[in-house]
4 protein chains.
Amino acid sequence: MSESLLVFAAGTNVDGWLQHFDSTGTTANSVKLGDSIVVIAKGPGTEIPAPAGLPAPKHEVASKGDFRLGRRELRPEGTIVNIGGAKVGDGSVAVFGGPCAVENREQMLATASVAAQYGSVGLRGGAFKPRTSPYSFQGLRWAGLELLEEARAHTGLPILTECVDPRHVERLAETIDGFQIGARNMQNFELLSEVGKAGLPVVLKRGFGCTVDETLAASEYITAQGNDQVVLCERGIRTFEHSTRFTLDLSAVALMKQRSHLPVMVDPSHSVGIPALVEPMTLAAAAAGADALLIDIHVQPEQALCDGKQALVPEAFRGLMTKLELLAMGIGRKMGGVVRPAPDFA
Amino acid sequence: MSESLLVFAAGTNVDGWLQHFDSTGTTANSVKLGDSIVVIAKGPGTEIPAPAGLPAPKHEVASKGDFRLGRRELRPEGTIVNIGGAKVGDGSVAVFGGPCAVENREQMLATASVAAQYGSVGLRGGAFKPRTSPYSFQGLRWAGLELLEEARAHTGLPILTECVDPRHVERLAETIDGFQIGARNMQNFELLSEVGKAGLPVVLKRGFGCTVDETLAASEYITAQGNDQVVLCERGIRTFEHSTRFTLDLSAVALMKQRSHLPVMVDPSHSVGIPALVEPMTLAAAAAGADALLIDIHVQPEQALCDGKQALVPEAFRGLMTKLELLAMGIGRKMGGVVRPAPDFA
Amino acid sequence: MSESLLVFAAGTNVDGWLQHFDSTGTTANSVKLGDSIVVIAKGPGTEIPAPAGLPAPKHEVASKGDFRLGRRELRPEGTIVNIGGAKVGDGSVAVFGGPCAVENREQMLATASVAAQYGSVGLRGGAFKPRTSPYSFQGLRWAGLELLEEARAHTGLPILTECVDPRHVERLAETIDGFQIGARNMQNFELLSEVGKAGLPVVLKRGFGCTVDETLAASEYITAQGNDQVVLCERGIRTFEHSTRFTLDLSAVALMKQRSHLPVMVDPSHSVGIPALVEPMTLAAAAAGADALLIDIHVQPEQALCDGKQALVPEAFRGLMTKLELLAMGIGRKMGGVVRPAPDFA
Amino acid sequence: MSESLLVFAAGTNVDGWLQHFDSTGTTANSVKLGDSIVVIAKGPGTEIPAPAGLPAPKHEVASKGDFRLGRRELRPEGTIVNIGGAKVGDGSVAVFGGPCAVENREQMLATASVAAQYGSVGLRGGAFKPRTSPYSFQGLRWAGLELLEEARAHTGLPILTECVDPRHVERLAETIDGFQIGARNMQNFELLSEVGKAGLPVVLKRGFGCTVDETLAASEYITAQGNDQVVLCERGIRTFEHSTRFTLDLSAVALMKQRSHLPVMVDPSHSVGIPALVEPMTLAAAAAGADALLIDIHVQPEQALCDGKQALVPEAFRGLMTKLELLAMGIGRKMGGVVRPAPDFA
């Protein structure tokens, strides 16, 4: 049975289309997708000419399979995701730096300062940490969120943090600028739906055992809520190669850029788990077409409570940002953020 | 720093031990584990003789790493999990049969009848289905749960069903006999903790991208709630081999049996995704030491709404049960269930 | 374009068929396959009735893809491979025991004695060892072959050994009873062709990075030489799970048995790399349908020059054989070998 | 027991060192490594001061594990491999373009022309093709070699071709500029040793089921023959992700560059198997630090006899080379080759 996706400008009245499809025995529904309205129709009515007088769609795309709202053809120019002012997908190279986990006030503010000073567009930092073992540090939870707020106030950078429970969505949404869904929760569909409804941008990390197709399908749980502010994030997959923590799949970046209009982020830090590989993999990710990077920074990695081994020290982060800017120029792009004086933490 | 696990009989007053550890600068806490109490101690006090007069532990085990409460040494004789009367881990071969998804009353009752008639000890059936795509059938949800209850009433078999959201735990626990945590949620730690608290048995499926060590670590999120009624379930991992849906890792079964006192289940249906392979893999799983099997049955697989391709038709299930019983005899075991007349569904 | 495989009894004159195909613009050639002749035809002539008077084929099978001579449909009853008198594929459970590597006379003869005494049908032992590093023990090479001969003379058991170089085939074939192609050489196609021509049975191990389809395709390099004495051997694949050395893929055993008429062997020792898992995986392999097992035995594993960690000590091998015999009875099979008095090594 | 690697300038008389080690019960041998001599010593003598008068080594490195001659510490400045005049490892980005398989004179010369015109430093082309199935095109074999020679004569570019059999080494070495060892033969150790002895440069492709450590270990089979002209080549590994043919592991590139002094090549064409991904993966590989690229070009990909699906058409290759040059400038490198007028094929 044929399926079609019809894309209209926001504000278009699509009732006539829905009636037309209904009268031809065709299942149809409309979904808001950012400043567009998409009508998804399945049935015989997609193959016959529509009656005169209906508003013309901006695009009409034959739908195949279950990847619908994120498909590149729906929005060939791509989607720009706005995370508290930081733009992802506008052609720039956007870096979100920060600690893996928020550990204490001093560490968070110092790290945020480093992130801001060398050109990050946003801060990352985990308050709720999903850990393999219940006996590991689980994050400062709500207390961590307050430290993230404080770091935002000092640096002016928006904050991105992970959500692990549908019961946390509402409270987190009051504070943060963007949700992060971790790899372990990529197929926690109840969480995806809940986060999608909150209306904030969502960075969706690929599950380390999941395919590109499954990642794209998971993003539909969010976009189907009418939320087009989704960033897909490659962070390494499980393979037999254990020299690195995971195997960073940069082909997936190029593939997702080609198949989807959603921007793509890469997290080299968690993929490789070795500081000396973060810089080359960051450069490679940008060259492969990544819109954004998520970089772990720690002012004292040897004392980190979570994944410290992979974090860059401030000097290494500065070096990376310098090289990244040069590479960006080579490929005709510019950095999303600007280098600025260190914020003054009282 | 040294760690020790001390196992005491239920009802033992361990306060003296906790005081002793406290007075020696040793972190210690006690956890109920079925009919035992386990004191987990970490610090110098684990290396010095305890004062006279404290109750003697049944076992004392040096703890290494983060796999604690499920370790074989804590309960060398193994744990028997009682799912609404069905025993898993008592030496028998326990089969839980049923449909992948509850689809409608007729299908559910007919399938339950087949499961019961040929010797299942319990019923499986999904009311909440985590699906890769939001556009696929998501299960009948609470309506499905009612059909499961009805099937239990007719067959007398206990029911096992998947829980996908911490907000569902309480309501599900009022009805079902055992929780199933699906592979996609094995590292949804908020869900594990919530389910652990509910007090019912939990079948924990291994994530398809997760190691044996991570599976054992995930079980600690449940046992740390004082719940020792946990069954570990191997259901195939992601590998490059795509002739089968996943690669069933039977070495993991033997490994988990050796490392943990928790019983081990195998789900050959979801692993292989090909009906013709379900029988040989069921036999192989039992030979590898599996305590229980989870088998998809469908009375009309070609009309299944979810994963029908892998389900056994009734005749194939009967054949499998016959061969499984013969093999069980060869390895000195017996079937957990009994073959009986078909229940009469009005 | 249509393809057909026509199977005739040995001695059938198929010239008429070849002329018929030739006259209809159809490519055809004949291959000897054990006691059959197979005509492989591709083109329009496969779809028209053949002229009267041509000898009738025993089977005619539509060919799809590149797996031809090994396809189950060509020989539904299966192939029995005769390795110096040891039968593989006749319904029995055939165990080939021995050391991973031939190390010295004493070790080889003592291990062969153990293998023979507890019911092996043949001996395994590597004279040429393909090792990851050039600095590891590479095997005794030709001197090792002499020790294998001596072990055969003492025990009466046929010998199976690995060939790693096409230049060795002829000289090895003068002595041994069957070739083994190691996992690292499964796609060393020049070697496969050469070994296929030698006329001796070949045990073809699946490459640890290769699919079932590729393994079946590789076997065609041997059968295309007119040699139907091929045993397919599963020995574990590379996956992210590193608790075991490789992941034993027993679904592949069932799959290969269903798709091919060639018998299937399993090497649990090299798959798991842990002695305590060899017994359960041996039982599981037999339950999954394996015709034969390859078991590493070492009289002093701690002194082994190669892969000693996984070898069974004599007592463990005896225990395994006892359990295997009981399981075999449960599944209606018998052991290929017999338990006998220990050979007397002067 | 301690091990040391001592590196001396070519022509140094190391006999005194070997005698010294011998007299202290230390195993030692010397290997030529390009213009160096390396003494590998293992035993107590590595820990005592050497007698006066022995020539001082350029470097002395404590050896751990089996990766010795290729270790970065032995030659911190890196090795430049000279393939018939094309330099790999000198800081430039060196592209070897050409067809996957040599198919016929017209295709080979036209493709070579394209490769040369847009800036390749050398030609690739397979005369001997290791194919999964014996029924696929196996290459033109020796006739293909003649066409490669002709292409070299016309373009002036050196030729790189695969060797699959130790019996072919000598004859190939008379003609070609560099050997390629394919992924399927990376652990065909007899072939590696034979090729190592021939004295020509060797491009060693990583096996798709092999780790970085195993790839480095395999290179020692070549360098142990005194041949330091080895290029390590990443070409994708087998993972569960099948959207691309293999998963290109660019972390391995950075890792191999850090661990070894040997230059690193990447083959994006065979990794991804999709033309639209070749360009982004080429750029990413260069950004990750690859010294060289192997790019499949075909003038009529739809008619290719082998792996045509992944080849770039001439225009796409030109576009890739333009972008690669810009990226190279961004990272402070230059292209190894020059753009030049098309050769004139009579």
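Chain A has 10 helices and 14 strands (DSSP runs, H or I of at least four residues for helices and E of at least two for strands, numbered from the N terminus). This is a predicted model, where local features need pLDDT of at least 70, side-chain atom pairs count only at pLDDT 80 or more, and totals for chains, interfaces and linings use all residues. Residues are numbered from 1 along each chain as its sequence is written, chains are lettered from A in the order in which they are written, and side-chain values use heavy atoms, with hydrogens and water left out.

**Exercise 1.** Work out how much of chain A is buried.

*Solution.* Start with the cut-off: buried means under 20% relative accessible area, with a 1.4 Å probe and protein chains only. Now apply it: 64% of the 346 residues in chain A pass.

**Exercise 2.** Describe how chain B meets chain A.

*Solution.* First, count contacts (heavy atoms within 4.5 Å): 35 residues of chain B touch 35 residues of chain A. Next, take the buried area, meaning the accessible area (1.4 Å probe) that two parts lose on being put together, summed over both. The two chains bury about 3000 Å², 50% of it on carbon and sulfur atoms.

Definitions and conventions: Buried means under 20% relative accessible area, exposed over 50%, partly exposed in between (1.4 Å probe, protein chains only).
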